[in-house]
Amino acid sequence: MRCREKADSLNKVWRAAGWRRILRHRGGQAQLSEMQLSETQHKSLQVAMEEFHKHPLVQWAFQKTSINSVMDMPFPAGTFVKMEFNIQQTNCRKKDWKESHCKVLPKGRKRKCLACIKLGPEHHVLGRMVHCPIQSQGHQETQRHHCNKVERAGEDSYSMYLPGQFAFLKSGPSK
């Protein structure tokens, strides 16, 4: 199977699963401009940046430098958005991170972020998880678990029963 055929079959799988994936390749590196984001995806990016700058160990402002991938999936309670993007340190303190005069430092710290955001009606935040490690950290399984929890946020937990989901124990008479 050639590369083009593989890409076509993957796209069919994504569409069948109800996902919308936006990804553009430039010179081998995937990038997406903010202009290509839907309103929901743009709001999710804002929520992710706000969440990152709330962290007590962050002292400097960071700006988004690129968006690597964005996926969103509609649910009855709202839309789940998963995105990967890069940020870089600016010359501003973190309280001024929204200011337009903040410029990215050429040798500033860089981070690759994973954000999972669930937005309800009128972009009300139902759940969020933002992970921007300083360096490659081996917590992918934990992050995947947190991302799955965000994906299910606001959903009716009784709408889908799975075998083995519940166990019942009959107790004997009390003595």
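Start with Arg 93 and Trp 60: the charged end of Arg 93 sits over the Trp 60 ring, 4.7 Å from its centre. That label needs NZ of Lys or CZ of Arg within 6 Å of the ring centre and within 35 degrees of the ring normal. Bear in mind that this is a predicted model, where local features need pLDDT of at least 70 and side-chain atom pairs pLDDT 80 or more, while totals for chains, interfaces and linings use all residues. Numbering starts from 1 along each chain as its sequence is written, and side-chain values use heavy atoms, with hydrogens and water left out.

Next, pick Lys 118 and Phe 75. Here the charged end of Lys 118 sits over the ring of Phe 75, 4.4 Å from its centre.

Now select strand S6, residues 110–119 (strands are DSSP E runs of at least two residues, helices H or I runs of at least four, numbered from the N terminus). Eight of the ten residues in S6 are buried, meaning under 20% relative accessible area with a 1.4 Å probe, protein chains only. Glu 84 has Leu 114 in S6 as its bridge partner.

On to S7, residues 125–131, which runs antiparallel to S6 with six bridges joining them. Look for Cys 116 opposite Met 129 in S7. In the hairpin of S6 and S7, five residues lie between the strands, and Glu 122 takes a positive phi near 55 degrees.

Last stop: Phe 52 and Phe 62, both buried.

Conventions:
Buried < 20%, exposed > 50% of the residue type's maximum accessible area, 1.4 Å probe, protein only. Pairing = 2+ DSSP bridges.
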